[in-house]
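Visitor: I am new to reading protein models. Could you walk me through this one?

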Amino acid sequence: MLILGRHISNRLLSQVIFHLVFWVGWILFPFIAGPDDPKFQRFAVVLIPNVLFHIPFFFLNSNWLIPNVFRKRGTGQYVISLILLIIVATAFLTVMRELIFPSEFIRNHWDFSWSLLGVLFATGVSTGYGFVIYLTERERSLRDAHEEQLKSELSFLRSQISPHFIFNILNGLVYLIRNNREEAEDTAIRLSGLMRYVLYESGDKQVTMEKEIEYLQNYIELQRLRFGEDVDIQVSVDLDQESQWIEPMLIIPFVENAFKHGTGFIVDPQILVTIVVENGLLELRVKNRISNSDEEAKDPSSGIGLKNVIRRIELLYPNDHQLDISSYDGWFEVN
């Protein structure tokens, strides 16, 4: 709200300054050009009421014709309307000279050509000014609409990710309670922390890297309890001293995907996770062995989290990330 108000104030201030400089400069021009010349002085007397009439003409063109006629009805209708407006304005000024000024002013300084010239000058400036304002507002509206679309898409993606992880966590809890009753208490505590993060803290716009890593480590420890020595899990984390911020749940889907597809019908399953954060740069590498066996049962929701997180990265860091996904020699790797 404060930012919007500041933008409106700056935009309004710049327009006010433009009009003050333009109109005051136009009125004072004959006084500045020839302060001691009687001809310029008489011209100034005629110019002041002329300019006062040009002000409503200026705003009628820039603030009504352009946003309403040009935008809604097109260029042809706008040009016709503007020509009619010029004719009416010139005729009005011609009649006004007969009623206001003495004959010597009319004969020497206030003929039809001067009326038309002034109207054409005001038309040119008001048209340029109006189109600058119109295009600026249009660009701002398109940018705001694009930002709102991105926010809506991000909210939708995040709403999909959270239930996906909750279901995986609950499935893991059932397995661990059945097979590792002595680890049930520690498991429940870790799962509680995971679900708290998913349900509450993942709704934040950003979290500290430490929180994201803590969530990841809790998840990996639960997987260690689940698989025991059947899966070789290696994790390396190196964080610099300066605290960094990140969009929540950007790392975990890649690791979760490794456990989903790197276990089961895999010979010597192995999962390697490396995280390095240094000077504001996050480097993540996740590797897991894969199998080409068709016997492996696939989760119907397979890939939901991975696809969503890739899309979120594209939206959040369009020019500030590099994502490489590859398969080679029985390995699947994400960098």
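Guide: Let us begin with valine 24, which sits in helix H1 (residues 2–33). Helices (H or I, at least four residues) and strands (E, at least two) are DSSP runs, numbered from the N terminus. This is a predicted model, in which local features need pLDDT of at least 70 and side-chain atom pairs count only at pLDDT 80 or more, while totals for chains, interfaces and linings use all residues. Residues are numbered from 1 along each chain as its sequence is written, and side-chain values use heavy atoms, leaving out hydrogens and water.

Visitor: Is valine 24 buried, exposed or partly exposed?

Guide: Buried means under 20% relative accessible area, exposed means over 50%, and partly exposed is in between (1.4 Å probe, protein chains only). Valine 24 has a relative accessible area of 42%, so it is partly exposed.

Visitor: Which residues touch the most other members of the largest nonpolar core?

Guide: A nonpolar core is a set of buried Ala, Val, Leu, Ile, Met, Phe, Trp, Tyr and Cys residues joined through side-chain atoms within 4.5 Å. The largest has 35 residues, and Ile251, Phe254, Val255, Phe259 and Ile275 touch the most other members. Helix H7 (209–227) is one of the elements supplying at least two residues; its eight are the largest share. Apart from this core lies another of 22 residues, including Tyr78 and Ala122.

Visitor: Where is histidine 321, and what is it in contact with?

Guide: Contact means heavy atoms within 4.5 Å. Histidine 321 lies in the loop between H9 and strand E6 (325–328). Leaving aside neighbours within four places in sequence, histidine 321 contacts Ile313 and Glu314. Its relative accessibility is 33%, so histidine 321 counts as partly exposed.

Visitor: How many helices and strands does the protein chain have?

Guide: The protein chain has nine helices and seven strands, and 37% of its 335 residues count as buried.
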